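Open the model in your viewer and keep the sequence panel at hand. Each stop below says what to select and what to look for there.

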Number of protein chains: 2
Amino acid sequence: MSKLRLRISMSFDGYTSGPDQSPTAPLGIGAERLHAWLFAVRGWRNRHGMSGGEDNESSAIVDAEMANIGATIMGRNMFGGHPGGWDAKEPWRGWWGKNPPFHHPVFVLTHHERAPLVTDGDTTFYFVTTGIESALEQARGAAGPQDIALAGGATVCQQYLKAGLVDEMRIHQVPILLGGGERLFEGVNDLHGLELVETVAAPNVTHFRFVKG
Amino acid sequence: MSKLRLRISMSFDGYTSGPDQSPTAPLGIGAERLHAWLFAVRGWRNRHGMSGGEDNESSAIVDAEMANIGATIMGRNMFGGHPGGWDAKEPWRGWWGKNPPFHHPVFVLTHHERAPLVTDGDTTFYFVTTGIESALEQARGAAGPQDIALAGGATVCQQYLKAGLVDEMRIHQVPILLGGGERLFEGVNDLHGLELVETVAAPNVTHFRFVKG
């Protein structure tokens, strides 16, 4: 069966977003520093249509993380836009422009129903209002033999972790403090058998991989 | 000038003690797992009068951490016993028995005055009621050319971190969740120039070393 693979960047004090999230600071204050290591990696830049970048200890990690993914699950807050119901006239279409980099079905957990959003590329966003298990079931159906990425944010990760549904967890820990925001493990006190199997120290980030024992 | 060197074990969710601390569970529930990696290291066991143990990736870390320390600073909660004033008849003498393993002056931050406690070994505990800067000054005087260990717990570490007084920070991060207790970085949002310079992956623990840039 396809695996649910959580991957997220986290500060040294445990935050995956910074304080004071807003439309102009969607990650919260200072949290762009959580992703600086990723933006520097050539393989990631290529996939996102950007030139340049480095090949370093993180390159193989990013490649492994992106390989064999057939569907993505994310929370409404990560999809972004605004809280509450969708704007009827001009509903938010995500952060990723006309051709999002997923190239597979993306399932967005939300409390507000909405028809699927088909983009110019081969990414379609499905809006799921029936909870995390339903979203996982739909993602499994869409992913076929491939795995499913759990992209964030913290709240959705917490729900899947608490339910014991995560098969692999990749934490990219950045040696900075954010001092506020959303904590990845808030309210989670059990890894449900996830065990650390790999630690890779790269420039400005440590990559941890946990898998179900 | 001698350096103030913080060293502490921390769970993957950022706790240095577990939930529900009490006289029978002084570290809080489950937090003995934070120190299992250390109790297994031969060099540490030898220093604490125990035989056996392993030589592994943590051995050199423990040796480096213990080297060149001429004084230790700790909080009252780590010294232990009970909250509030000292018992007049039988004041608490610490967790470490008749011959504590420090073998140098230890400065205990407390709100309650008390005469120095001389032990059978060459460890003397001094009780400091005049705050963190005063304790540091006294520790520097006692340490001479050597450095000063900041041993914990979380509250005392936070005070020194927020004041920007920590010169080196060694975090031993254990891949478990405690789900409650005291968080090392609670209320701390600035590392005051401490930068990650070394990451060592060992069995069941990752050793991080930060130094002032």
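Select B:Asn68, in the loop between α3 and β3 of chain B. The model is predicted, so treat each stop as a computed view. B:Asn68 comes after helix α3(B). B:Asn68 has a positive phi of about 60° although it is not a glycine. Most residues other than glycine have a negative phi. Is B:Asn68 buried or partly exposed? B:Asn68 is partly exposed, with a relative accessible area of 39%.

Step back to α3(B), residues 57–66. At its start, select B:Asn56 and B:Ser58. A side-chain oxygen of B:Asn56 comes to within 2.7 Å of the backbone nitrogen of B:Ser58.

Now colour the buried residues of α3(B): B:Ser58, B:Ser59, B:Ile61, B:Val62, B:Glu65 and B:Met66. Look down the axis of α3(B): these buried residues fall within an arc of 170°, so they line one face of the helix. An α-helix has 3.6 residues a turn, so residues three or four places apart point the same way.

**The sheet of chain B**

Show the strands of chain B. Nine of them form an open sheet, in the order β5-β6-β4-β3-β7-β1-β8-β11-β10, and the pairing is mixed. Which strands stand at the edges of this sheet? They are β5 (117–118) and β10 (194–202) of chain B, and each pairs on one side only. Helix α3(B) packs on the sheet. It touches β1, β3, β8, β10 and β11 of chain B, and its direction makes about 140° with that of β10(B).

β5(B) pairs with β6(B), residues 124–128, in the antiparallel sense over two bridges. Select B:Val118: B:Thr124 in β6(B) stands opposite.

Next, pick helix α5 of chain B, residues 132–143. It lies across β1, β3, β4, β6 and β7 of chain B. Its run is at about 160° to β3(B).

**Two residues that touch both chains**

Select B:Gln173, in strand β8 of chain B. B:Gln173 is buried, with a relative accessible area of 1%. Beyond its sequence neighbours within four places, B:Gln173 is in contact with A:Gln173 and A:Phe208 in chain A. In chain B, B:Gln173 contacts residues including B:Met10, B:Phe12 and B:Phe208.

Then go to B:Phe185. Again leaving aside neighbours within four places, its contacts include A:Phe12, A:Asp13 and A:Leu177 from chain A. From chain B, they include B:Leu161, B:Met169 and B:Ile171. B:Phe185 also belongs to the largest nonpolar core, which has 64 residues. Which residues have the most contacts inside that core? They are A:Tyr160, A:Phe185, B:Tyr160 and B:Phe185.

**Across to chain A**

Show the strands of chain A. Nine strands form an open sheet here too, with mixed pairing and the order β4-β5-β3-β2-β6-β1-β7-β9-β8. At the edges are β4 (117–118) and β8 (194–202) of chain A; each has a single partner strand, so one side of each is left without a neighbour in the sheet.

Select β7(A), residues 168–174: seven of its seven residues are buried. Both faces are covered. On one side are A:Glu168, A:Arg170, A:His172 and A:Val174; on the other are A:Met169, A:Ile171 and A:Gln173.

Look at its partners. β1(A), residues 4–11, pairs with β7(A) in the parallel sense over seven bridges. There, A:Leu6 has A:Met169 as its bridge partner. β9(A), residues 205–212, pairs with β7(A) in the antiparallel sense over six bridges. A:Gln173 stands opposite A:Thr206 in β9(A).

Move to β2(A), residues 69–75, and β6(A), residues 147–152. They pair in the parallel sense over five bridges. A:Ala71 stands opposite A:Ile148 in β6(A).

Most peptide bonds are trans. Select A:Gly152 and A:Gly153: a cis peptide bond joins them, with omega about -5°. A:Gly153 is in the loop between β6 and α6 of chain A. In chain B, the bond from B:Gly152 to B:Gly153 is also cis, with omega near 0°.

Finish at A:His103, in the loop between α4 and β3 of chain A. A:His103 is not a glycine, yet its phi is positive, about 60°. A:His103 is partly exposed, with a relative accessible area of 37%.

Notes
Residues are numbered from 1 along each chain as its sequence is written. Chains are lettered from A and ligands numbered from 1 in the order in which they are written. This is a predicted model: local features need pLDDT of at least 70, side-chain atom pairs count only at pLDDT 80 or more; totals for chains, interfaces and linings use all residues. Side-chain values use heavy atoms; hydrogens and water are left out. Two strands pair if DSSP finds at least two bridges between them. Helices (H or I, at least four residues) and strands (E, at least two) are DSSP runs, numbered from the N terminus. Contact means heavy atoms within 4.5 Å. Axes are lines fitted to C-alpha atoms, for helices over the stretch in contact, and angles run from 0 to 180 degrees between N-to-C directions. A nonpolar core is a set of buried Ala, Val, Leu, Ile, Met, Phe, Trp, Tyr and Cys residues joined through side-chain atoms within 4.5 Å. Buried means under 20% relative accessible area, exposed over 50%, partly exposed in between (1.4 Å probe, protein chains only). The arc is that of the directions from the helix axis to the C-beta atoms. A polar contact is a pair of N or O atoms within 3.5 Å; within protein, one must be able to donate a hydrogen and the other to accept it, and residues adjacent in sequence count only if both atoms are side-chain atoms.
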